[in-house]
Structure formats: C-alpha cells, structure tokens
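Visitor: Could you walk me through how to read a few features here?
Guide: Gladly; let's look together.
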Amino acid sequence: MRHDHIISAKQLSRADIEAVLDRAAEAAADPESFADRHENALLGLCFFEPSTRTKMSFTAAAKRLGGDVVDMGTVESSSVKKGESLADTVRVVEGYADALVLRHPSEGSAQMASEFVDVPLINAGDGAGQHPTQTLLDLYTIRESAGFDDLTIGIMGDLKYGRTVHSLAHALTNFDADQHFISPESLKLPRSVRYDLHEEGASIREHTELDPVLSELDVLYVTRIQAERFPDESEYRAIAGEYQIDTETLEAARDDLTVMHPLPRVDEIAHEIDDTDYAHYFQQAHNGVPVRMALLDLVLGGEQ
Ligand code: ASP
C-alpha cells in the first residue's frame, strides 16, 4: 500500500484489509511504539464538506505518529470561495504535505483529484460514492465484536446515498458475509452497487422491514438518512423518522447483537440503546484513530 492512493474499498484485497487491521490492533495495544514513526510527516486536510470524526481522527492519528496536519479549513475560509478548482487546490496542497485527505460532495472527485497529485491521496468521502477509511474502522469493529466467521450483517437506512454502506458492502465480499439490506423502496442500493456485489459473488438480500431478519443478525449497521443529498427536501421529510430502532425493536434480536452506526446519528438509534451491550457505535468511532494510524503508517511507508 506504500504510496498508494486510497480511493475506494473496491481496490482493497482481503490481504490489504487484514494488514491494516492487524497494524491497527498493534497501534491500539501499544500506541507508544508508533509515536515517532513519522516524525515531521505532514498530512494535508482538504474537507469540502462538514466532518467531525474523520477529520479529528485523521488529525489525532497524524499526531500520534509523530507528525502533524496542514488544514485547508472550511470552504468558506479558503480560496475555493474565490472559484479555485479542485484540481488546482490539491496540486497546491501536495506541495505542503506528504499525503492528502480529501472529502468532497461530488462522487468521483477523489479519483479525479488523485490524477493530479503524486503524494498519496486518501478519499475521506466523495458524495454518495465511497468512504474507504470508514470501512476499515467498521471492519476493525466487526472483527473485534463479532468476528468474520459466518458473519450475517444487516445494513439499514439510506442505502442509496450512504457512502459508508457502498464501501462496507463491497469490502464484506472479501469475507463471504451474508448481507441483508433493509431500507424503504426509494432508498435501496443503487443499481451499480448491486451489480458490483453480484459480480463479486456476494450473498445479498433486500428487505423493506427489519423484523423478518433481525434474529439472524450478528451485526446491525444503522445509517442516517443523508438529508443533504436529497434533490427535493419534501422527499426527505416523507422518509425521515422511518427505520428507527429502540430497545423494543430489538426484543427479537440475539443477545450478542452488535449495533453499529458510522455517526452522526439523528434519531435512528434511541438513546436508551446507548447503555446496553448492543451499542458499539462510540467504540467504533474511537477505533478511527488506531485504524487511521495504521493506514497512514502503511501508506507513508512504515515498516512492511
Ligand atoms: N460520517 C459518515 C459520512 O461522512 C456518515 C454520515 O454522514 O451519515 O459518510
């Protein structure tokens, strides 16, 4: 993975994924041993959309490796506001950093931007496209909580616009997981994603209700309805509030069900679930630091 651009979960083999997860486990167990691996390395942050977890955990990861970040700041405060193109922005920022992290509202933007730079570019979310580093921390969390053997996962909510779903579903084909997709008709998986999953020989089933599959699940991955991607707000309002879970919804679930969510949540998971053993979403968010430390270490050329 040394010097590779990380654009899509589709480019990650099972061996790549396991290399990141194994190194992340080392980073979690002994962060001190990573503390000076990348002294003076600089990570360029170009976030054209809001972010809390991804941006802060990349920052924490860079600092925990002995490096630091240079941050473009918000679109409002950068030259993007003056009409600078994405290609020009990344060409400039690559001169300030050893690797770039890009989040942008347009699908395909990370691939396009990577063609203009020589330093590794990491896609931190391209519109409704992909979010491969979220997937790596999702897989880390799944490996820790449920394991990959005979994994049955339910992925619920906005499957159309949810980029974390598109990346995760693809990556799970490496682990022969049984994948159940639960959403309203209007937010089903995009045809292109379904096609790719079929091409990979994935075992997938689609549902509009959680109830019929709940008791089979090892993991339930809940997602937010992506309000910002709906062309028409009334369409969003018609769907918002559906597909919520609370402790009553989970009555038929297995006791060891792992509930995950890439966060931020709006109202998909009732707060009463936070204090149950089902809740893994805060740990999932925390796993972003060791996983991004591991990925940066590999991409920047740490010990192989
Ligand atoms: N934080 C995730 C993302 O950037 C999930 C979400 O926003 O709903 O895709």
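Visitor: Which residues surround the ligand?
Guide: First, a word on the source: this is a predicted model, where local features need pLDDT of at least 70, side-chain atom pairs count only at pLDDT 80 or more, and totals for chains, interfaces and linings use all residues. Residues are numbered from 1 along each chain as its sequence is written, and side-chain values use heavy atoms, with hydrogens and water left out. A residue is near a molecule if one of its heavy atoms lies within 4 Å of it. Around the ligand are R103, H131, R163, T164, R224, Q226, P262, L263 and P264.

Visitor: Where does an oxygen atom of the ligand lie 2.8 Å from a side-chain N or O atom of R163 or another residue?
Guide: For a polar contact, look for a pair of N or O atoms within 3.5 Å. R163 has a side-chain N or O atom 2.8 Å from a ligand oxygen, and R224 has one at 2.8 Å from a ligand oxygen. For R103, a polar side-chain atom lies 3.2 Å from an oxygen atom of the ligand.

Visitor: What is the peptide bond from L263 to P264, cis or trans?
Guide: Most peptide bonds are trans. The L263 to P264 bond is cis, with omega near 5°. P264 sits in the loop between β9 (258-260) and α10 (281-286); helices (H or I, at least four residues) and strands (E, at least two) are DSSP runs, numbered from the N terminus.

Visitor: Is phi of D150 positive or negative?
Guide: Most residues other than glycine have a negative phi. D150 has a positive phi, near 50°, and belongs to the loop between α5 and β5 (152-156).

Visitor: At what angle do the axes of α1 and α5 cross?
Guide: Two packed helices are described by the angle and the distance between their axes. The axes of α1 (residues 14-29) and α5 (residues 132-145) come within 10 Å and cross at roughly 70°, so the two helices are roughly perpendicular (65 to 115 degrees).

Definitions and conventions. Axes are lines fitted to C-alpha atoms, for helices over the stretch in contact, and angles run from 0 to 180 degrees between N-to-C directions. Angles under 35 degrees count as roughly parallel, over 145 as roughly antiparallel, 65 to 115 as roughly perpendicular and the rest as oblique. A polar contact is a pair of N or O atoms within 3.5 Å; within protein, one must be able to donate a hydrogen and the other to accept it, and residues adjacent in sequence count only if both atoms are side-chain atoms.
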